[in-house]
Amino acid sequence: MLNGGRSGAAVKPGNSKESLLVQRITGSGATRMPLGGPALSASEIGILTTWIDQGARSAPNAAPAKAKWEAPLSLDRPQPPDSPWKAWSEPLDRFTAAYLARHGVPEPAPVSDSVFARRVYLDAQGLLPPPAELRAFLAGTAPDKRATLVSQLLSDNQKYAEHWISYWNDLLRNDEGVSYYSETAGRKSITEWLLASLVANRPYNQWVAKLLNPTEPGDPDGFLIGVNWRGTVSASQTPALQAAQNTAQVFLGVNLKCNSCHDSFISKWKLKDAYSLAAYFSSEEQLRLYRCDIAQEEYAAAGFLFPELNRPLSSMSAPDRRATAATIFTDPRNGRMPRTVVNRIWQRLMGRGIVENVDEMDGEPWSPELLDWLASEFVASGYDLKALIGTILQSRTYQLPAVPRKGEPEKQFTFTGSELRRLTAEQFSDAVASITGEWHALPGRTANQAGRGGGRGGPIAISGAPSDGSGLRGGAGRGALTPVPATAIAAAVVPAIPPVPISIPPGTYARGWRIAGSSLERALGRPIRDQVFSTRDTQATTIQALELVNGETLTHWLCEARATCSARRPRNQSASLPDRPTPGVEPCRRRSTSISRIPASST
């Protein structure tokens, strides 16, 4: 009765009016029950409503029953509680401190400066801290030096953008160097728009509006284009239904994959819900329903998943339907949208979402108040993604020691700190390049040329020289190109929105995300983005071990680095290189294509 089924809980303790059981026995808004039998008397109904209003206790002396969690749609800003610990004074930390104290956790100490620096460099820019900068930070004595470091790292728009673009590429199905074609259409890259949006810190609600309703040249119309597979696909995989599934999953944390084929067996969503949302993105005004690929004599017009947010269409044209969808998704009354992205960013930085499954926002948060405060703060900031990330990175909550996950997730989760995380494939690639000086070197192109190709042809902008700022000698590096001066790097940064054609210096050093994924990167978790990837698999595999120990990509990369280092040694120092190749290992060859990284721990 408390958990309910697809129609929801039968009983809501403390609220008989909203309880399905009472609605059924009174016949208010539903078929009167018991069906076919005599109706309950007023006194019998009164007994049930009184029991529910008093908490639906299992016994007279028992505590009130706990109502099943129901995710709210609206967003109200909660008041931060008093903190039990003096140092935990910021609003985010006050929520966490009160939670920890309530669960009997004594005040924890933050991680050391060196651990914090490594963690925050990787999370803000995706790069290891340069030794000189790390030494300066560790030597600092200012009480606010951690907050200052966070601000400094996030102020580097280009490094921030070139790190976080990998996360958004996963989420928005945008892959560098990979295209999917069918007999009728191909998928378009949104890289230029996405990178420029990250560099300029475009407000997130504007992201959503542009992704759902691209109207101008340069807008990201590639997002709504489904993967048009060759040949015949099931009815649930048509481009319009893929658009519905992707938009609901990414922006609302709603999984429509099951009910794109039939009514869901595990949630409240029906087949018609998926088709109604898909109708906003279809070339047809109405969509015929297919249940398990069998045509039904039923049609769906455009309608939102939460009817209270529906808006009338100005016309039935496809552009007006898309424009209406963008307006509904970004409606200030839609608290689901900011909650979803806040939970996603928290999961990326902390290893586990406030709602565990970031694609199922109907799940119960371990702290509903913290989630709502962060979402309210995010909206108040003007949907500022960088400000949201900064708020989390500067908190004492973020600075708690990492907690390793042990086996399967616990049924009753208690937050005690971020989970131990591994480097992503792109972070590993950039870490190897930073340490060795062997960066990806790609032929230069103009932005106009890049816009026609995307992917494999090379980058349209650059992140600059190695992360420690050291110069690259002519002839060194992956591809043996002359290093790009700082002035040229500044000139090559992606321009403010909207992007305009710019010249890229011939031959540039690029970060790993710009290169089509190698077998090493695939083994380390970089996905083929033919679907939405909101998280990556972090489990160690045999393929990862083989790639790291004996894989061609990493072996050749490190071989090149060794040769370069040997060439730079003074003649009176031994190069300690073998005269002939090691048995079973091919000699090093110069390569200018992609390499990636392995997941190591990010404590």
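This report describes a helix, the nonpolar cores, the aromatic rings and the cysteines of one predicted model.

## Basis of the description

The model is predicted, with local features needing pLDDT of at least 70 and side-chain atom pairs counting only at pLDDT 80 or more, while totals for chains, interfaces and linings use all residues. Residues are numbered from 1 along each chain as its sequence is written, and side-chain values use heavy atoms, leaving out hydrogens and water.

## Helix α10

Helix α10 covers residues 239-252, 14 residues in total. Helices (H or I, at least four residues) and strands (E, at least two) are DSSP runs, numbered from the N terminus. From its first C-alpha to its last, α10 reaches 19 Å, close to the expected 20 Å; the expected span is 1.5 Å times one less than the number of residues.

Of the 14 residues of α10, 13 are buried, so the helix is largely enclosed by the rest of the structure. Buried means under 20% relative accessible area, exposed over 50%, and partly exposed in between (1.4 Å probe, protein chains only). Gly253, with a positive phi near 65°, follows α10.

## Nonpolar cores

A nonpolar core is a set of buried Ala, Val, Leu, Ile, Met, Phe, Trp, Tyr and Cys residues joined through side-chain atoms within 4.5 Å. The largest has 99 residues, of which Trp168, Tyr204, Phe251, Leu277 and Trp346 touch the most other members. A second, separate core of 10 residues includes Leu127, Trp439, Leu520 and Trp557.

## Aromatic rings

The whole structure contains 21 aromatic pairs. Rings of Phe, Tyr and Trp (its six-membered ring) pair if their centres lie within 6.5 Å; planes under 30 degrees apart count as stacked, over 60 as edge-to-face and the rest as tilted. The rings of Trp366 and Phe415 are stacked, because their centres are 4.5 Å apart and their planes are at 0°. These two residues lie 49 residues apart, and their pair links distant parts of the chain. Both Trp366 and Phe415 are buried.

One aromatic cluster is formed by Trp164, Tyr167, Trp168, Trp193, Tyr204, Trp207, Phe378 and Tyr383.

## Cysteines

The structure holds zero disulfides, a disulfide being a pair of cysteine sulfur atoms within 2.5 Å. The closest cysteine sulfur to that of Cys261 belongs to Cys292, and at 3.9 Å it is too far for a bond. Cys261 is partly exposed at 25% relative accessibility, and Cys292 is partly exposed with a relative accessible area of 42%.
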